[in-house]
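These are my notebook entries on one structure. I record what I looked up, entry by entry.

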Amino acid sequence: MRRITTVVIGAGHAGLAMSRCLSERGIDHVVFERGEVANSWRTERWDSLRLLTPNWQSRLPGFGYAGDDPDGFRTMPEVIAFIDRYAQTIAAPVQTHTRVISVHPTDAGYLVRTDRGEWHCRTLVIATGACNIPCVPRLAEAVPASVRTLTPMEYRNPDQLEHGGVLVVGASATGVQLADEIHRSGRPVTLAVGEHIRAPRTYRGRDIQWWMDAAGVLDQRYDEVDDIVRARKVPSLQLVGSPVRAMLDLNALTGIGVRLVGRLAGITDGRVLFSGSLSNQCALSDLKMGRLLDTIDRWATDYGLDDAVAPPHRFAPTRVGESPPLSLDLSRGEIRTIVWATGYRPDYSWLDAPVLDRKGEIRHDGGVVASPGMYLMGMQFLRRRKSALIDGAGADARDLSDHLVSYLHGRVTQDVA
Ligand SMILES: Cc1cc2nc3c(=O)[nH]c(=O)nc-3n(C[C@H](O)[C@H](O)[C@H](O)COP(=O)(O)OP(=O)(O)OC[C@H]3O[C@@H](n4cnc5c(N)ncnc54)[C@H](O)[C@@H]3O)c2cc1C
């Protein structure tokens with residue numbers, strides 16, 4: 001068995017940002033990666049995907065964007081190249097094709113079993129990603145065999161799909177992007193819409209991410225929000241990173257002919273049932289977008305920017321049909337495919353430590369896990385609103401690596417409820 005101070009699991013950007021911070025602090029460590037560096041971007045994303053965050057907004061410790069298109073949006077090959085370059089630049093001690101198959105606490109740290117040998121470490125950083133498994137609702141089991149179902153991790157492009165109608169379930173970033181692409185391929189899309197966050201791509205002449213970054217919205221800390229459990233569940237913004245900087249809200253989708261229905265509520269006897277809450281969900285989303293724009297406008301005024309940027313304006317409300325259908329008969333052949341754009345969850349099946357709550361999520365306080373010397377990275381609102389974004393990993397890695405060093409020196413304990 002080999003011994004090392006720290007094991008980092010996962011060589012996505014989060015594990016690499018942590019690796020860089022550990023190196024800066026002189027902590028010997030190894031990063032285990034089951035595939036190649038940036039494995040999730042290589043193997044789990046669809047062909048046309050671009051980041052929805054602009055190029056300038058992928059700042060990692062000691063690394064940033066150096067090209068001539070800071071406001072552009074990276075394609076998948078560009079994201080992979082970027083993260084690969086980062087790993088090389090910081091000389092991260094990554095062992096690729098090394099899968100962690102179990103982690104057990106010991107008296108002095110953790111026993112980490114990989115498919116290429118055993119290691120013992122005093123401290124452990126879990127950076128295996130928030131999006132390992134697509135969340136598919138249990139009612140999917142009732143979909144008739146005549147209808148094909150797939151998740152965004154299986155979807156690559158519309159050519160994979162049969163001709164005919166497609167029901168996309170979920171209207172956050174993934175759902176609206178897939179609905180748009182599939183509908184434009186000539187397969188009529190019905191989009192089941194639950195809670196969602198509407199956002200303009202640009203506002204007052206600047207990208208919405210620029211505003212949220214500048215106004216401090218993305219820096220909001222986990223211990224500053226009233227309900228962090230709820231904040232960690234908030235869906236992704238309805239955004240797409242396209243060269244034309246298009247807004248991809250529900251109005252854009254109905255504009256090209258996508259049909260909106262309410263949240264998918266059940267499937268019985270081959271019929272899909274939709275909730276009657278569509279108008280309410282859209283009204284709520286419009287309201288929340290208005291609040292975000294109010295925050296931005298206030299900040300612009302406070303910082304004397306009003307004369308430097310376009311004047312404030314508001315967007316037309318989301319258009320919802322008079323009486324959207326409340327059910328669809330799947331046996332009629334109108335819907336040939338269902339795409340579950342219903343979110344993702346992490347996979348901790350390899351983690352054999354008493355740190356999971358009833359929902360299977362790791363108990364932690366801003367990434368400090370309820371087990372001595374164990375840390376978590378890359379989760380939604382881990383320490384800041386931006387924690388799950390590439391741009392959020394740096395600040396979290398600095399905070400948590402500081403904590404890790406203090407732990408090694410016996411200066412802090414880990415008491416997490
Ligand atoms: C569809 C989609 C679009 C996104 N778009 C954006 C965007 O535009 N901008 C942005 O900033 N963020 C975006 N994100 C969010 C975020 O950047 C990604 O989720 C990102 O991949 C998370 O980085 P990570 O390093 O935490 O996890 P990952 O990139 O998932 O890295 C985790 C790594 O751990 C490895 N691993 C897992 N289990 C094991 C194991 N047992 N042993 C060894 N290795 C293991 C995996 O192979 C993987 O390489 C998007 C996410 C998704 C799903």
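**Entry 1. Positive phi**

In which loop is A91 found? I located A91 in the loop between helix 3 (76-89) and strand 3 (94-95). Helices (H or I, at least four residues) and strands (E, at least two) are DSSP runs, numbered from the N terminus. I note that this is a predicted model, in which local features need pLDDT of at least 70 and side-chain atom pairs count only at pLDDT 80 or more, while totals for chains, interfaces and linings use all residues. Residues are numbered from 1 along each chain as its sequence is written, and side-chain values use heavy atoms, with hydrogens and water left out.

I looked up A91 for its backbone: its phi is positive, about 50 degrees, although A91 is not a glycine. Most residues other than glycine have a negative phi. A91 counts as exposed, at 58% relative accessibility. The classes are buried (under 20% relative accessible area), exposed (over 50%) and partly exposed in between, with a 1.4 Å probe and protein chains only.

I then turned to R204, another residue other than glycine with a positive phi, near 50 degrees. R204 is found in the loop between strand 12 (202-203) and strand 13 (206-207). Is R204 buried or exposed? R204 counts as buried because its relative accessible area is 3%.

**Entry 2. Ligand shell**

How many residues surround the ligand? I find 30, and the closest are E33, S40, L52, T53 and I390. By class, the shell has 16 nonpolar, ten polar and four charged residues. Here Ala, Val, Leu, Ile, Met, Phe, Trp, Tyr, Cys and Pro count as nonpolar, Asp, Glu, Lys and Arg as charged, and the others, Gly among them, as polar.

An oxygen atom of the ligand is 2.6 Å from a polar backbone atom of L52. A ligand nitrogen is 2.8 Å from an N or O atom in the side chain of T53, and a nitrogen atom of the ligand is 2.9 Å from a polar backbone atom of V100. Taken alone, the ligand exposes 980 Å², of which the protein buries 94%; these areas come from the Shrake-Rupley method with a 1.4 Å probe.

Which elements give two or more residues to this shell? They are helix 1 (13-24) and helix 2 (39-43). Helix 2 gives the most, with three residues.

**Entry 3. Strand 1 and its partners**

I examined strand 1 (residues 2-9) and found six of its eight residues buried. Strand 1 pairs with strand 6 (residues 117-126) in the parallel sense over seven bridges; two strands pair if DSSP finds at least two bridges between them. In this pairing R2 stands opposite W119. Strand 1 also runs parallel to strand 2 (residues 29-32), joined by four bridges, and I9 stands opposite F32 there.

Strand 17 (residues 271-274) is joined to strand 18 by three bridges, and L273 has S327 as its bridge partner in strand 18.

**Entry 4. Polar side chains**

I placed S387 in the loop between strand 23 (374-376) and helix 9 (393-408). S387 is buried, with a relative accessible area of 1%. What does the side chain of S387 contact? It makes a polar contact with the side chain of D396 at 2.5 Å, and the S387 side chain reaches the backbone nitrogen of L382 at 3.4 Å. A polar contact is a pair of N or O atoms within 3.5 Å; within protein, one must be able to donate a hydrogen and the other to accept it, and residues adjacent in sequence count only if both atoms are side-chain atoms.

D180 lies in helix 4 (residues 173-184) and counts as buried at 16% relative accessibility. The side chain of D180 makes a polar contact of 2.9 Å with the side chain of R184.

**Entry 5. An exposed loop residue**

I looked up E322 last, in the loop between helix 8 (278-302) and strand 18. E322 is exposed, with a relative accessible area of 84%. E322 and D207 are 115 residues apart in sequence and 33 Å apart in space, C-alpha to C-alpha.

Conventions. Near = heavy atom within 4 Å.
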